[in-house]
Amino acid sequence: MASLYSTPFRVQVTSLKSKKSAENAREVLDENKITADIFTYKDKKDQLFYRVRVGPYTTKSEAEYWQSKIAKIDTFASSSSYITSTTLD
């Protein structure tokens, strides 16, 4: 049986430069009964981004299911969400 922490899958819903915008995105997900977390990331130019992600999920198919549910929410219909399986980033 695989450990829950081996390589969890997450759906990155969006990546934003504004913390307030990221918090608003998380609120929209919460209103749709989807729990999300905000992760920070600095790129090579030292720009800070706020990544809004849901999960972790133990299987990729479970993450794909939630990705499709999120795509049906108007706020995220045009965003380019993707599935990530990195443990620390």
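This is a predicted model: local features need pLDDT of at least 70, side-chain atom pairs count only at pLDDT 80 or more; totals for chains, interfaces and linings use all residues.
User: What makes the link between the side chains of Gln-12 and Arg-53 a polar contact?

Analyst: The side chains of Gln-12 and Arg-53 are joined at 2.7 Å, and a polar contact requires a pair of N or O atoms within 3.5 Å, one able to donate a hydrogen and the other to accept it. Arg-53 is also among the residues that Gln-12 touches, a list that includes Val-52 and Tyr-82 and leaves out residues up to four places away in sequence.

User: How do you know that E1 and strand E3 pair?

Analyst: Pairing needs at least two bridges between two strands, and six bridges join E1 to strand E3 (residues 48–57), the two running antiparallel; therefore E1 and E3 count as paired. Within these strands, Val-11 stands opposite Val-54 in E3.

User: What makes strand E2 and strand E4 the edge strands?

Analyst: The open sheet of four strands has the order E2-E3-E1-E4, with antiparallel pairing, and strand E2 (36–42) and strand E4 (82–84) each pair on one side only. Neighbouring strands of this sheet are turned by 40° against each other on average, direction ignored.

User: Which strands does helix H1 touch as it packs on the sheet?

Analyst: Helix H1 (residues 19–31) touches E1, E2 and E3, and its direction makes about 25° with that of E3. Helix H2 (residues 60–71), in turn, lies across E1, E3 and E4, running at about 35° to E1.

How values were computed:
Residues are numbered from 1 along each chain as its sequence is written. Side-chain values use heavy atoms; hydrogens and water are left out. Contact means heavy atoms within 4.5 Å. Axes are lines fitted to C-alpha atoms, for helices over the stretch in contact, and angles run from 0 to 180 degrees between N-to-C directions.
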